[in-house]
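Subject: Handing over the structure

Dear colleague,

I am passing on the structure we spoke about, together with some notes on it. Please look through it before reading on.

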2 protein chains.
Amino acid sequence: MPRFELEYPKEPYSTVHRKSSRATYALKTIHGIVNGSQLVHVSFQAPDAPFPAILPMIGQMGSFERPSADVADVLDLYLHGYVSSRLMNISRGAESSGSSPGLPIAVAASQVDGLVLALTPNAHSYNYRSAVLFGHATVVTDASEKLYAMRLITDGIVTGRWDGSRVPPNAAEMQSTSVLRVRIAGGSAKIRTGGPHDDRCDLGDEAVLDRVWTGVLPVYQTIGAPVAGPYNRVAQVPDHVTAFRDEFNTDAAELALEALKEPGKEKE
Amino acid sequence: MPRFELEYPKEPYSTVHRKSSRATYALKTIHGIVNGSQLVHVSFQAPDAPFPAILPMIGQMGSFERPSADVADVLDLYLHGYVSSRLMNISRGAESSGSSPGLPIAVAASQVDGLVLALTPNAHSYNYRSAVLFGHATVVTDASEKLYAMRLITDGIVTGRWDGSRVPPNAAEMQSTSVLRVRIAGGSAKIRTGGPHDDRCDLGDEAVLDRVWTGVLPVYQTIGAPVAGPYNRVAQVPDHVTAFRDEFNTDAAELALEALKEPGKEKE
């Protein structure tokens, strides 16, 4: 674990200019937001395409060289996606051309923690946590690294699910699974917490204050009761699923309430 | 309202190749996913930048020329974002250069409706709704169109909030708000519903079937109890907030349960 908090460098492409007081470059914060997101959005510019491409994918931060690495350490992003064959092919092309260590991509993960209702529409806001990473993506070809990433991603969705399912993958499954490793060049996060902040002129308007409700609607994801599939034979929902669901729901609701606190006013 | 279901053209940049049976090009479906998302991710290639840019923004589909247009009609995407000044400046540049009707951007909105737990990690999946739109973004300069978009976006977050807050915006608020209009060139959506689908060899393995639980964990967003802000004076949470919250929570949980049905097996 690093002794000092590691930060990504502020590169021109990664520096937050607007509301920069909400920005952080700390690896721990950025990686935490990515790992806590069920989906990330991946963007890249395909050659000769009139628009950038953007895809939802599943991603987790990890280190194959040092699997015990902490979330605050230097990590790679491993990506797995259902719509990734085009990305994979372009990435393979970028690799083989030798001109680049991979395909330049941008990855975003964002969570809404609350709807902030102010006196005037312009002062409305979200409480949110948003992370962006920039890096170069290459296809993972080493079988043991691919296995590492498959486990990382599976357990990133439901903790303990890898061991709770039929593993290891057979040769056909290993072959059919594509995993990208993204070497991170830079990144940033933005976080907004607290209540509404209206302009002084509205805060001095008694009629407006007497009429308009202001506050926050907390927003969080919920995992509902497990629904067994048509060929399920295991009567009892296994502990790893129950424990994951309980922890997820508790953490999600707590995060939305934590986000109500003004920045810098957290309890020690 | 169109008599036939309108679809976006299948352009090379917008055609879904992988799991294309899950794809749709229907405007109604795509626009519905975008309008139901609290955040969209916007991607564009900044000139000379080594990576694409990607930003979370707030977006709603609408038509200033025909405000009564249905969600299934041809619509523009209006974008408002807290980190958009760079995008806005580049967009202004693209406009003034005359070489293009705006900045080429890609916009994605994705919702996870369930975690699909199968026998083997490879067959794990999400139930999800994901939409991508491609188009050209320009800054809205006309005051009445900007006002239209501000109301559209505000009511897109909390139905009825525009009239429930201090409106209309004053001159300074109109000046400080930037809105982008995206003329849509193409788009697609992908939707996955149903339970787990394992390979035949695993479905024939009695030991695996007896050991591994399979099914779906429904996922949905929840809006918690409203929390009044520090300068709120309105004792009772207003009806538009309560009604919005009730409807949001009911719809979100229902969508996650709807997503459990196998495609093509919906009740009439």
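This is a predicted model: local features need pLDDT of at least 70, side-chain atom pairs count only at pLDDT 80 or more; totals for chains, interfaces and linings use all residues.

Chain A contains eight helices and nine strands, and of its 268 residues 56% count as buried. Among the contacts in chain A between residues at least 6 apart in sequence, 71% join residues that are at least 24 apart.

Between chain A and chain B, 99 residues of chain A are in contact with 99 residues of chain B, and the two chains bury about 8,800 Å² between them, with 62% of that area on carbon and sulfur atoms. Six salt bridges are found across this interface, along with 41 residue pairs in polar contact. On the side of chain A that touches chain B, strand 5 (residues 103-117) gives the most, with 10 residues, and the residues of that side divide into 57 nonpolar, 28 polar and 14 charged.

Two of the pairs that join the chains can be described by name. Arg166(B) forms a salt bridge with Asp202(A), where the closest N and O atoms are 2.9 Å apart. In the other, Glu206(B) pairs with Arg233(A), with the closest N and O atoms 2.7 Å apart; this pair runs from helix 6 (residues 206-211) of chain B to the loop between strand 9 (227-228) and helix 8 (239-258) of chain A. Glu206(B) is partly exposed, at a relative accessible area of 46%, and Arg233(A) is also partly exposed, at 41%.

Over all chains, the structure holds 24 salt bridges. Within chain A, Arg183(A) forms one with Glu65(A), the closest N and O atoms being 3.7 Å apart. Because Arg183(A) lies in strand 7 (residues 180-192) and Glu65(A) in the loop between strand 3 (53-62) and strand 4 (76-80), the pair ties together parts of chain A that are 118 residues apart in sequence. Arg183(A) counts as partly exposed, at 40% relative accessibility, whereas Glu65(A), at 54%, counts as exposed.

Finally, which residue is buried yet has no salt bridge? That residue is Lys146(A), whose nearest side chain of opposite charge, Asp142(A), is 10 Å away. Lys146(A) is found in helix 3 (residues 143-157) of chain A, and, leaving aside its neighbours within four places in sequence, Lys146(A) is in contact with Val140(A), Met174(A), Gln175(A), Thr177(A) and Val179(A).

With best wishes

How values were computed. Residues are numbered from 1 along each chain as its sequence is written. Chains are lettered from A and ligands numbered from 1 in the order in which they are written. Side-chain values use heavy atoms; hydrogens and water are left out. Helices (H or I, at least four residues) and strands (E, at least two) are DSSP runs, numbered from the N terminus. Buried means under 20% relative accessible area, exposed over 50%, partly exposed in between (1.4 Å probe, protein chains only). Lys and Arg count as positive and Asp and Glu as negative; His and the chain ends are not counted. A salt bridge is a side-chain nitrogen of Lys or Arg within 4 Å of a carboxyl oxygen of Asp or Glu. Contact means heavy atoms within 4.5 Å. Buried area is the accessible area (1.4 Å probe) that two parts lose on being put together, summed over both. A polar contact is a pair of N or O atoms within 3.5 Å; within protein, one must be able to donate a hydrogen and the other to accept it, and residues adjacent in sequence count only if both atoms are side-chain atoms. Ala, Val, Leu, Ile, Met, Phe, Trp, Tyr, Cys and Pro count as nonpolar, Asp, Glu, Lys and Arg as charged, and the others, Gly among them, as polar.
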